[in-house]
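The following account leads through a structure, beginning with a single residue and widening to the contacts between chains. Please keep the sequence and the coordinates at hand while reading.

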Amino acid sequence: MTAYLRGPLTLVWMLLVAATVVSWWLGARGDGRPLQVNLAVTAGVVAIALVKIRLVVWHFMEVRTAPSWLRYNCDGWLVFLALMVLALYRYSS
Amino acid sequence: MGSANPAAIAQRSAHSAPRESIEPASRHCPGQGSMWFFVIGDLWIFSCYFACYIHDRARHPEPFLQGQQLLSQGIGVLNTVILLTSSLFVALCVQATRAREIVTASRFLALGFACGAGFMLVKGGEWYLKIHAGFPESTEPFFVYYFMFTGLHVVHVALGLLILALLWRELRGTKEPRVEFAETSATYWHMVDLLWIAIFALLYLVR
Amino acid sequence: MSESAWALGAAAPHSATVEARRGRSPKLDQWICFGSIPFFYTLFGLIFVLLARIMPPPSPTASIADVLAYMQAPNLALGVALLSLTLGLASLSSGVIVVQMKRMEGVSPALPYAYLAALAVAGVPGCLFPGLVFALGCYRPGYTPQIQQMLYDLGFLSFVGSLGVFVIQYLVFAIAIFLDRRTIFPKWLGYLTIWALVTELVAVPIWITRTGPFAWDGLLSFYLGTIIFVGWEFCMCVCLYRAIKNQPLEELIGRGTAHG
């Protein structure tokens with residue numbers, strides 16, 4: 001079992017956990033101060049989520065070695081989602 | 001997929017598992033195409049929900065900001081790490097199935113399943129605490145989204161656990177467990193993980 | 001009947017292939033039921049969208065005056081009258097779907113019956129009951145505005161919020177498709193059914209929120225679910241057509257064949 005745990009997927013997992021902690025730090029609440037709308041924090045959190053999702057899709061879901069139609073579909077959806085979220089966030093009011 | 005003699009297996013597990021036997025051969029679609037059809041469609045449906053959420057939030061941020069303050073980011077992070085770990089185990093299970101090391105594969109699967117069940121327990125606890133503590137009516141818009149998103153996600157997790165249980169039956173119960181079945185089940189499970197990453201970012205962290 | 005005549009009858013069973021050779025379509029019963037589906041849904045669309053204006057639903061926060069105007073509208077009265085007469089047609093579509101589900105291999109026969117039961121039960125709160133509630137509002141104009149408001153709320157909450165049984169119907173159908181070794185219905189229809197199930201669940205909050213995307217006229221609780229449902233129904237019709245068409249004549253039930 002340890003042979004598998006020493007493989008590249010565990011490295012991906014470590015990156016994912018690290019990214020989670022970074023985004024937690026970024027979005028963390030101040031000490032009791034009420035939350036404010038903050039485009040920079042939101043953009044950062046969305047970007048990190050994008051990276052995390054791409055890591056999961058690319059490595060865990062093995063899309064890295066998948067046919068091009070699948071790779072383009074996954075990447076396309078991801079880019080669309082991130083852009084849509086940011087655009088709606090910025091321009092909805 | 002290589003010889004079945006104990007010496008070869010011992011040698012294989014002594015070093016890192018060889019790349020050729022655990023990674024798919026060439027440009028290979030992991031699992032059944034119909035499962036990808038489902039995954040991609042489900043992601044688009046959730047994208048509609050996310051779009052609605054962000055749109056509503058951007059128009060009237062106050063109830064969302066107030067409501068978000070009442071959520072525990074720590075529990076959210078815990079859940080995220082639990083699900084990421086379960087995804088790792090399920091991915092390793094697929095690799096082991098490909099290399100025909102079924103005992104190892106089922107161990108990984110059991111660990112992944114346990115993490116998934118753990119996620120549901122933590123989520124249930126979080127809900128219980130939230131409902132028990134109550135929330136002000138001004139934050140109602142946020143909490144409707146919160147319970148809907150996490151509720152829909154939990155339904156997906158439950159379905160995922162069922163699918164993993166079927167994979168267990170395939171691994172332990174059949175003579176020649178199909179790699180494609182493992183890949184298909186794993187694809188669904190990773191989708192569940194992926195959805196949670198998005199939900200966690202949007203509900204707990206985004207401002 | 002004399003023994004010899006009875007024996008003669010038993011020796012030459014009236015098989016579907018014989019009927020086909022005689023120029024009668026042996027699957028006529030199924031085709032009639034299938035034909036009822038587009039007919040029913042066109043009628044449904046006419047009644048719910050154009051006549052009664054139940055779809056798309058008006059707002060939960062409409063003023064009393066608007067509510068009264070809606071409940072007293074003559075087109076609503078006509079629409080619900082038609083609804084009460086024609087709703088029974090939906091049973092035909094359930095019947096033919098169950099016939100095809102029973103052909104599935106590796107699937108417990110309990111599943112098609114569960115589907116039938118689920119749809120029969122779901123049709124009441126989902127369709128008939130709102131119709132009756134609105135009919136009550138139309139045909140008894142003497143009720144106080146508060147009671148009319150209650151009927152209005154009850155009708156729409158019932159129509160949009162009766163998701164529990166539909167969820168079971170979808171779940172049973174999806175499970176049957178995935179277990180089926182003969183692929184009577186394609187696997188992608190099973191996945192589409194799961195989407196219909198998931199979007200149906202999003203109607204839960206309509207009992208709590210009266211504005212926004214989770215109200216009974218909301219983008220998520222009503223429109224998304226309805227769009228997915230329409231898409232699902234269309235695909236279901238296509239797959240059902242193919243299933244009936246590809247069904248081998250020897251399998252037809254009730255034609256004196258081995259399946260009887």
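R98(B) lies in helix α5 of chain B; helices (H or I, at least four residues) and strands (E, at least two) are DSSP runs, numbered from the N terminus. R98(B) counts as partly exposed because it has 19 C-beta neighbours inside 10 Å. By definition, a residue is buried if 20 or more other C-beta atoms lie within 10 Å of its own, exposed if 12 or fewer, and partly exposed in between, with C-beta atoms placed from the backbone. Between the C-alpha atoms of R98(B) and L129(B), which are 31 residues apart along the chain, the separation is 42 Å.

The model is predicted: local features need pLDDT of at least 70 and side-chain atom pairs count only at pLDDT 80 or more, while totals for chains, interfaces and linings use all residues. Residues are numbered from 1 along each chain as its sequence is written, and chains are lettered from A and ligands numbered from 1 in the order in which they are written.

Chain B as a whole comes next. Its secondary structure consists of 8 helices and 0 strands, in the order α-α-α-α-α-α-α-α along the sequence. Chain B has 207 residues, of which 45% count as buried. Two residues are in contact if their C-beta atoms, placed from the backbone, lie within 7 Å. Among the contacts in chain B with a separation of 6 or more, 81% are between residues 24 or more positions apart.

Within chain B, α5(B) packs on α8(B). Two packed helices are described by the angle between their axes and the distance between the axes. Axes are lines fitted to C-alpha atoms, for helices over the stretch in contact, and angles run from 0 to 180 degrees between N-to-C directions. The axes of α5(B) and α8(B) cross at roughly 165 degrees and come within 9 Å. The two helices are therefore roughly antiparallel; angles under 35 degrees count as roughly parallel, over 145 as roughly antiparallel, 65 to 115 as roughly perpendicular and the rest as oblique. Their crossing is left-handed, a term for a near helix turned anticlockwise from the far one by less than a right angle, with right-handed used if the turn is clockwise. On α5(B), the residues making the contact include C93(B), V94(B) and R98(B), and on α8(B) they include A182(B), I197(B) and Y204(B). By class, this contact has 14 nonpolar, 6 polar and 3 charged residues. Here Ala, Val, Leu, Ile, Met, Phe, Trp, Tyr, Cys and Pro count as nonpolar, Asp, Glu, Lys and Arg as charged, and the others, Gly among them, as polar.

A nonpolar core is a set of buried Ala, Val, Leu, Ile, Met, Phe, Trp, Tyr and Cys residues joined through C-beta atoms within 7 Å. The largest such core has 146 residues, and L92(B), C93(B), L109(B), I197(B), A198(B), A201(B) and Y115(C) have the most contacts inside it. The largest share of this core, 19 residues, is supplied by α8(B). Not counting residues up to four places away in sequence, C93(B) touches A105(B), F108(B), L109(B), G112(B) and A182(B).

Attention now turns to chain A. One pair in detail is helix α2 (residues 8–27) of chain A and α5(B), whose axes come within 10 Å and cross at roughly 170 degrees. This makes α2(A) roughly antiparallel to α5(B), in a right-handed crossing. Among the residues of this contact are W13(A), L16(A) and W24(A) of α2(A), and T80(B), L84(B) and L92(B) of α5(B). The contact of α2(A) with α5(B) comprises 11 nonpolar and 5 polar residues, and no charged ones.

In it, 18 residues of chain C meet 15 residues of chain B. On the chain C side, α10(C) gives the most, with 8 residues. By class, the side of chain C that touches chain B has 14 nonpolar, 3 polar and 1 charged residues. α3(B) and α10(C) pack with their axes 9 Å apart at an angle of about 25 degrees, which means that α3(B) is roughly parallel to α10(C). Here the crossing is right-handed. Contributors include F37(B), F38(B) and D42(B) of α3(B), together with W188(C), Y191(C) and W195(C) of α10(C).
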